[in-house]
Amino acid sequence: MKNNIPLILISNDDGFQAKGIRSLVDMLRGMGRIIVCAPDSPRSGYACAFSATQPLRLYCQQREPQLEVWSCNGTPVDCVKLALDHLCGGLRPDIIIGGINHGDNASVNTHYSGTMGVTLEGCMKYIPSVAFSLCDYSADADFSPLAPYVRQMVARVLSQGLPRGVCLNVNFPATPSFRGVRVCRMAPGTWYDESVRERHPRGYDYYWMVGKYREDEPEAVDTDRHALNEGYVAVTPTRIDVTAYESFSLLSSWQSDEAKE
């Protein structure tokens with residue numbers, strides 16, 4: 001933070017021109033200096049992927065007082081890495097925000113989401129990070145009901161921070177208004193029938209990734225999916241450390257000083 005003005009870094013996986021990220025910028029105007037660095041086109045499903053085999057380019061799309069917008073030909077995580085190294089002027093952002101995503105990033109979608117990739121990358125740098133998603137895939141989705149919630153949550157994170165190694169995955173139901181906010185766990189779920197085969201007129205098969213989602217604990221009332229189904233904003237604290245500590249005792253017999261045949 002320079003001169004007590006928060007530095008806010010924003011990225012997404014829908015591209016810098018998406019309505020969601022433009023709406024987010026409008027919501028946060030006046031809350032700090034905003035730097036946007038986002039892909040030059042949609043990168044949904046890229047999760048935490050980064051570019052290891054191709055050169056990356058940055059293009060300044062907009063510059064005005066307290067706002068810069070940059071596009072990048074890489075992944076959402078590439079955008080965060082490049083922004084931290086080359087766009088922030090040596091300053092550490094006070095918050096990194098992913099979104100607002102066009103579509104649901106609750107349940108196991110967390111693991112595929114480029115929006116969450118942005119947030120997890122920030123969290124791995126120990127920078128307070130939040131992902132915002134609206135469960136509406138429409139390119140012209142209405143983000144206006146989210147504004148007071150987004151501003152309040154960002155203000156709280158800026159003033160209070162987040163625990164080290166913890167970021168927030170925030171999902172909004174596709175409703176005109178919300179019943180409130182619920183802090184909840186990730187719902188267990190499974191994607192199946194995830195591809196369809198088609199026949200090309202030139203005589204070869206090709207495939208589309210699609211899929212159907214199944215809730216694996218539909219009776220649970222403490223999950224993000226349940227909160228969304230009931231019209232609540234779902235806030236899921238998400239941590240970088242994925243160690244299954246509860247499995248240590250189960251695997252204790254595996255420990256030894258040397259391999260045994």
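Visitor: At roughly what angle do the axes of helix H1 and helix H4 cross?

Guide: Keep in mind that this is a predicted model. Helix H1 covers residues 19–28 and helix H4 covers residues 147–160. Their axes come within 10 Å, and the crossing angle is roughly 65°.

Visitor: Is the crossing of H1 and H4 left-handed or right-handed?

Guide: Picture H1, residues 19–28, passing H4, residues 147–160. The handedness of that crossing is right-handed.

Visitor: Which residues in H4 meet H1, and what classes turn up in the contact?

Guide: On the H1 side you've got Leu24, Met27 and Leu28. Their partners in H4 are Ala147, Val150, Arg151 and Val154. By class, that contact comes out as six nonpolar, no polar and one charged.

Visitor: Why is the pair of Tyr149 and Phe178 called edge-to-face?

Guide: A search of the whole structure turns up six aromatic pairs, so let's apply the cut-off to this one: planes over 60 degrees apart count as edge-to-face. The ring centres of Tyr149 and Phe178 sit 5.4 Å apart. Their planes stand at 80°, so the pair is edge-to-face.

Visitor: What volume does the largest pocket have, and which residues lie nearest its centre?

Guide: The space in the largest pocket is about 490 Å³. Its lining has 17 residues, with six nonpolar, seven polar and four charged by class. Nearest the centre are Ser44, Gly45, Asn109, Tyr112 and Tyr137.

Visitor: Which element gives the most to the lining of the second largest pocket?

Guide: This pocket has a volume of about 330 Å³, and 17 residues line it, with His111, Thr238, Arg239, Ile240 and Val242 nearest the centre. Two elements give two or more residues each: helix H3 (114–124) and strand S13 (233–239). The lining divides into eight nonpolar, six polar and three charged residues. With three residues, the top contributor is H3.

Visitor: Is the peptide bond from Gly99 to Ile100 cis or trans?

Guide: Ile100 lies in strand S5, residues 95–102. Omega for the bond from Gly99 is near -5°. That peptide bond is cis.

Visitor: What is phi of Ala47 near?

Guide: Ala47 is in the loop between strand S2 (33–39) and strand S3 (58–64). Its phi is positive, in a residue other than glycine, with a value near 50°.

Notes. Residues are numbered from 1 along each chain as its sequence is written. This is a predicted model: local features need pLDDT of at least 70, side-chain atom pairs count only at pLDDT 80 or more; totals for chains, interfaces and linings use all residues. Side-chain values use heavy atoms; hydrogens and water are left out. On a 1 Å grid over the protein atoms alone, a cavity is a set of points where a 1.4 Å probe fits but cannot get out, and a pocket is an open set with protein on both sides within 12 Å along at least five of seven lines; lining residues have an atom within 4 Å of a point. Grid points are joined across faces, edges and corners, and a volume is the space filled by probe spheres set on the points. Ala, Val, Leu, Ile, Met, Phe, Trp, Tyr, Cys and Pro count as nonpolar, Asp, Glu, Lys and Arg as charged, and the others, Gly among them, as polar. Helices (H or I, at least four residues) and strands (E, at least two) are DSSP runs, numbered from the N terminus. Axes are lines fitted to C-alpha atoms, for helices over the stretch in contact, and angles run from 0 to 180 degrees between N-to-C directions. A crossing is left-handed if the near helix is turned anticlockwise from the far one by less than a right angle, and right-handed if clockwise. Contact means heavy atoms within 4.5 Å. Rings of Phe, Tyr and Trp (its six-membered ring) pair if their centres lie within 6.5 Å; planes under 30 degrees apart count as stacked, over 60 as edge-to-face and the rest as tilted.
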